[in-house]
Structure formats: structure tokens, C-alpha cells
Amino acid sequence: MGTLILSKIYVVKMFMYNKFKKQIMSTREKELVYAEEAGDEETVESIINNENETQFSGFINKKLIGVISVIGIATAQLGFPFMYLLQNQKANTQTKCNGEMQQKINQEYHNRNSNFIKSVAPALASSNTITSEAYNTIISSQNQAEEAVKMLIRQGVLIRTITPSGNPIMVYIGGISQYWAAGKVSAYQYGAERRLNYNKNIRQSILGIRINKKEVQIGVLVGTERAEQEWVNPVNPVQQYPYSASIITYKTLLINLFANTPEIVTKGTRSHYYCNECLIDSAAASSKYPYFTELFNVQTYFSSMSSALDNYIGLGVPGDSFDTYYTGSPVYVSGNECGSPVISGFVTDVVNVYDVLNDLAKLSGKNFDDIISRLKLSKDMLKSSAFLSVIPPPNSWSYQDIFEWAKMYLGYDDKLINSMVNFAVILGILLSKYSEEIADEIEDRIYDGNSYPCLDYNECYNYLSKFVDDIYNLVKSEASEKEFEALHICRSQAIEVDENCVNSCFNQVYERLKNLPYYTQWHLGAPDDEGLREAAKAQCEYICSKFNMSKYEECLKNLYPRKGPHIGEI
């Protein structure tokens with residue numbers, strides 16, 4: 001089935017277990033299950049709506065009641081009906097508190113409690129440079145706005161944390177789109193922008209870590225922190241099992257904003273492709289009132305469903321589906337204090353419900369299309385919701401916990417982390433001497449997609465300060481784009497990769513990746529996966545890079561023989 005594996009032996013066990021489970025159901029559970037098995041959509045919707053309002057503080061968004069009803073009927077035909085009210089009191093309590101959590105968040109938005117909003121609002125991440133595949137797919141789509149949002153926008157969290165050396169940095173944990181070109185990623189939280197380094201080696205490392213090349217990208221990116229005003233970090237992460245959960249989403253807002261844009265993506269010179277609207281609309285949407293969508297743990301709420309299936313079902317509707325836009329999204333549950341939000345994980349491995357159930361039906365010898373046709377179920381609704389996994393968050397938002405988590409769950413190497421952090425710290429120090437306007441322009445031009453060798457802090461500081469000065473001189477002299485381009489060409493040519501170092505590093509990183517915990521191996525793919533090797537190689541090439549200052553200066557001298565010791569000066 002390409003994404004989920006179920007054995008035929010398990011299907012038999014599932015039906016046997018389901019027969020036993022019915023004998024211990026409550027009267028209300030049985031009423032719902034029988035209606036689902038009979039395909040009585042009106043009764044199913046009525047029962048779920050009643051339980052939602054009377055027992056669970058309106059946890060399920062009203063527009064999604066019909067969706068979960070259709071899913072419950074469809075899954076019931078395969079032996080695992082949806083049960084909303086359970087004998088599991090912990091699950092019932094958590095879902096009720098999750099409903100109260102959504103009400104509290106709504107109220108705080110209504111009251112314009114900015115600090116609270118900043119703590120719960122997910123960050124929206126995107127890039128204005130995109131791949132040719134994204135450009136071609138979007139311009140040929142019948143619904144360009146929906147396609148662009150799905151492909152180019154991701155959700156996550158932005159965290160301000162302090163390095164062991166005492167320097168502030170910004171860290172993004174969340175979705176990474178394979179359609180972003182290497183360079184700069186911008187993340188927006190409640191209107192505030194932070195820029196993140198997404199060079200070609202980091203990109204290849206993240207994109208190489210996939211299951212059979214499917215889109216399950218989630219990553220950690222690092223950026224400078226130059227702002228002096230207080231930053232509000234996300235609500236606390238917790239290691240709490242979510243029976244049900246909420247996702248705060250800007251997807252509908254983004255689709256509407258994109259729909260009012262005449263030209264969402266554009267083609268530039270030299271086969272460069274852009275989505276300038278991605279940053280404009282992400283900034284606009286991040287400060288607006290979001291919506292909720294809900295998740296249900298399949299083993300808890302769908303009688304006898306297998307742990308071989310992904311862990312959760314996320315609800316979506318046609319035109320606003322639960323798709324790869326949500327990869328990397330933070331998952332919210334009510335904490336110990338009923339109604340107070342905490343983050344219990346991040347979304348991975350999204351695949352639509354129809355595909356999963358269709359494959360499951362084949363294993364049990366059934367024709368799923370015949371089933372949904374006979375019961376007049378909406379195939380579009382089933383395709384708009386998704387099975388997904390949730391990985392736990394770091395233990396806290398501290399520097400140590402974030403990067404221990406990145407090593408454990410995302411396969412980041414210690415030296416890769418040090419290089420990323422050194423670059424952000426040094427760039428932040430160097431930019432602090434300029435005005436905000438000049439610093440912004442320099443920072444934008446720094447993120448050209450190529451890697452900055454920064455494993456050695458002092459070496460990185462020396463060459464990066466020279467490069468920042470050269471960019472500043474070009475900015476000050478209002479140089480042409482060709483001069484900026486020449487500067488980047490010389491920098492790129494001056495980066496040398498030690499192949500002996502790469503060969504030694506590769507074996508260490510690759511072996512470490514193969515020995516990560518079970519979940520991470522599932523997330524990364526099989527140990528001999530080509531993508532896993534690509535990820536290890538990309539990390540090692542970044543780690544083993546050096547900057548040849550003499551080569552850089554010689555290149556500039558050849559390009560600008562009449563210029564003085566600093567580019568931009570006569």
C-alpha cells in the first residue's frame with residue numbers, strides 16, 4: 001500500500017477482537033456503532049453531535065461533524081467503528097478538557113491577549129525561492145491557491161533559546177517543504193518574522209531522511225536573533241499521550257489570501273522560480289484569528305484498529321483537506337489544568353483516509369469503492385482527512401533539550417548542529433553593528449543557498465566578517481545585481497570540501513543513523529535506504545567544508561582588478 005503495512009493475519013485477529021469488544025460496549029456506544037454499521041449517516045451525525053455538545057464541550061468543529069460521521073461509517077464496514085463516548089475515562093476527560101482548551105483559546109483571541117496568543121499561535125514558514133516542480137505544478141493546477149498552500153507553506157514553532165556560550169538564537173521546529181529551494185526560510189509568529197538558514201546541505205540532509213521518498217519532512221532550522229524586545233516562546237512541551245488533540249490552523253485563511261492573488265508564483269531569470277506571495281500572505285495570516293482541526297487516536301476511538309496503522313486520524317473537508325501542509329504542525333492538548341494548552345508533539349507521515357481504507361479493504365477481500373457507493377458516502381470527504389503519526393516534542397525549549405531531540409528523532413549530527421549554531425551566533429554578532437534596514441538587506445543576501453563552513457568558530461568568524469563587510473560595501477555603493485552575484489560566485493569557489501574527512505565522517509554518521517530508536521528508523525526509512533545515505537553525505541560535506549580566504553580574494557581581484565582591497569570601494 002506504499003505507506004502502511006497490515007498483515008492478513010492481523011485483519012483476522014481484528015475482526016475476532018471486534019466481536020468481543022461489542023459485548024462490553026455501553027448502550028450509547030452500541031447505538032452509535034449499529035448506526036455506523038447500517039450506514040445511517042443522519043443518525044450517526046446526530047449521535048456524535050449530541051455527545052460532542054453534552055459531553056465534550058464542543059471539541060469537534062461543527063463543520064467536521066459530518067466528516068467524522070462518514071469516516072465512522074466507512075471504517076465500521078471494515079470492522080472498526082468510530083466510538084466517541086468511551087469507557088476509557090482518561091480519554092473522555094482529556095477530550096472534554098480539549099474542548100474547553102479550544103474555548104479558552106477562542107476567548108483569549110477575542111480579548112486580544114497578545115502574550116497568550118503568541119504562546120499558542122503556530123509559526124508559518126515558507127520561502128520565496130521555490131523549485132521548478134512547484135512552479136509547474138501550481139501554474140497547471142485548477143485550484144492554484146489550494147495547491148500553493150499545500151506545497152509551499154508549513155506550520156511549526158519558533159523558539160528563542162540561549163546557547164551554552166550565552167548567545168540568543170532562534171530555532172524553528174516544524175514542517176519543511178521539499179519544494180523550497182535552498183537559501184532562506186522565513187517563519188512568522190503572530191506577525192513577527194525570523195529568518196532561518198536553509199543551505200543546500202541542510203536541505204539535502206532533511207530531504208534525504210524520508211520513507212521511500214514520501215513527503216514526511218520535519219526539521220530544525222536555526223537563525224539569528226537580533227531583536228531586543230522580549231520574545232514569547234510557545235506553550236510548554238509535554239510528554240503526554242494524546243487520546244485526542246487539536247491543531248491550530250491558518251490553512252483556510254491562507255487559501256483565501258492566495259485566491260486573491262493574480263500571480264502566486266513567477267519565473268525569474270536563469271531558471272529561478274519565486275513565490276513572493278508566500279511570505280506576504282504568511283505574515284498577514286499569522287496575525288489573524290485561526291481555526292481548529294481535530295485529531296483522534298485510532299487505537300482509542302476506532303474499535304480494534306491496529307497499531308500497524310499510523311496513530312491518528314486528522315479531520316479535513318473538501319477544499320480544506322488535511323494534507324502535507326500539516327506536516328510538522330504542533331499538536332495541542334489540554335495540560336494538567338483542564339483547558340490550559342500544552343504541545344504534545346508534531347505531525348508526520350500524512351496519508352489520506354481513502355487510500356488507507358481502500359488498501360485495508362483489499363486485504364480483507366472487499367471492494368471499498370462498492371461499499372462507499374452502496375452507502376452513498378462522500379469519497380471526497382474520505383480523501384480530505386488523513387491518517388498520520390505524531391512524534392513527541394523535546395522535553396523543554398532549552399538549547400540542550402531541543403538539540404538532543406534533533407539528534408534522536410531527526411538524525412542531526414553533533415557537528416552539524418555546532419556548525420548551524422555557530423553560523424547563527426556569528427552572523428547575529430556581525431549584523432548588530434548595522435541599522436536594522438541595512439542588517440536586513442545583508443542577511444537576505446547572505447542566504448544564497450550555499451553552505452557556510454562554521455564548525456570552527458574562529459575561522460568562521462574571520463571569513464564571515466570579511467564577507468559581510470563586502471556585502472555592506474556593495475549595498476552602500478548601490479552596486480548592480482551582477483556585482484552581488486560575482487561576490488557569491490567567488491565565495492562559492494572558495495569553499496573546499498575535504499573528501500578524506502567526508503569518507504571518515506560518512507561511516508560514523510551513517511552507522512549512527514542506522515542505530516537510532518525504532519520510531520526514528522521508521523521515520524528515516526530502511527537502514528540501506530538511498531535517501532539515508534544522501535542525508536549522511538550531505539551532513540558530512542557541510543561538516544568537512546573549509547573556506548579558503550586566499551582563493552576568495554584572488555577571485556575578487558580577477559573579477560575587479562581596478563577595485564581596492566574591499567569590494568565596492570575604488
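Two strands pair if DSSP finds at least two bridges between them. Keep that in mind for the first stop. The model is predicted.

**Stop 1: the sheet**

Select β4, residues 168-175, together with β7. Seven bridges join these two strands, and they run antiparallel. Now pick Tyr-172. Its opposite number in β7 is Leu-221.

Six strands make it up, in the order β6-β5-β1-β3-β4-β7. The sheet is open, and its pairing is antiparallel. Colour β6 (192-198) and β7 (218-224): these are the edge strands, and each pairs on one side only. On average, neighbouring strands here are turned by 35 degrees against each other, direction ignored.

**Stop 2: a helix across the sheet**

**Stop 3: aromatic rings**

How many aromatic pairs are there? The count comes to 27.

Start with Phe-56 and Tyr-84. Their rings form a tilted pair, 4.5 Å centre to centre, with 35 degrees between the planes. The two residues are 28 apart in the chain, and the pair links distant parts of it. Phe-56 is in the loop between α3 (41-54) and α4 (65-76). Tyr-84 is in the loop between α4 and α5 (89-110). Both Phe-56 and Tyr-84 are buried.

Next, select Tyr-241 and Tyr-243. This pair is edge-to-face: 5.0 Å centre to centre, 75 degrees between the planes. Which of the two counts as partly exposed, and which is buried? Tyr-241 counts as partly exposed because its relative accessibility is 44%. Tyr-243 has a relative accessible area of 16%, so it is buried.

**Stop 4: arginines over rings**

Go to Arg-445, in helix α18 (residues 436-446). What lies under this side chain? Arg-445 sits over the face of Phe-484, at 3.6 Å from the ring centre. Its side chain also joins that of Glu-481 through a polar contact of 2.8 Å. Leaving out residues up to four places away in sequence, Arg-445 touches Ile-471, Glu-481, Phe-484 and His-488.

Finish at Arg-491. It lies over the face of Phe-467, at 5.4 Å from the ring centre.

How values were computed: Residues are numbered from 1 along each chain as its sequence is written. This is a predicted model: local features need pLDDT of at least 70, side-chain atom pairs count only at pLDDT 80 or more; totals for chains, interfaces and linings use all residues. Side-chain values use heavy atoms; hydrogens and water are left out. Rings of Phe, Tyr and Trp (its six-membered ring) pair if their centres lie within 6.5 Å; planes under 30 degrees apart count as stacked, over 60 as edge-to-face and the rest as tilted. Helices (H or I, at least four residues) and strands (E, at least two) are DSSP runs, numbered from the N terminus. Buried means under 20% relative accessible area, exposed over 50%, partly exposed in between (1.4 Å probe, protein chains only). A charge sits over a ring if NZ of Lys or CZ of Arg is within 6 Å of the ring centre and within 35 degrees of the ring normal. A polar contact is a pair of N or O atoms within 3.5 Å; within protein, one must be able to donate a hydrogen and the other to accept it, and residues adjacent in sequence count only if both atoms are side-chain atoms. Contact means heavy atoms within 4.5 Å. Axes are lines fitted to C-alpha atoms, for helices over the stretch in contact, and angles run from 0 to 180 degrees between N-to-C directions.
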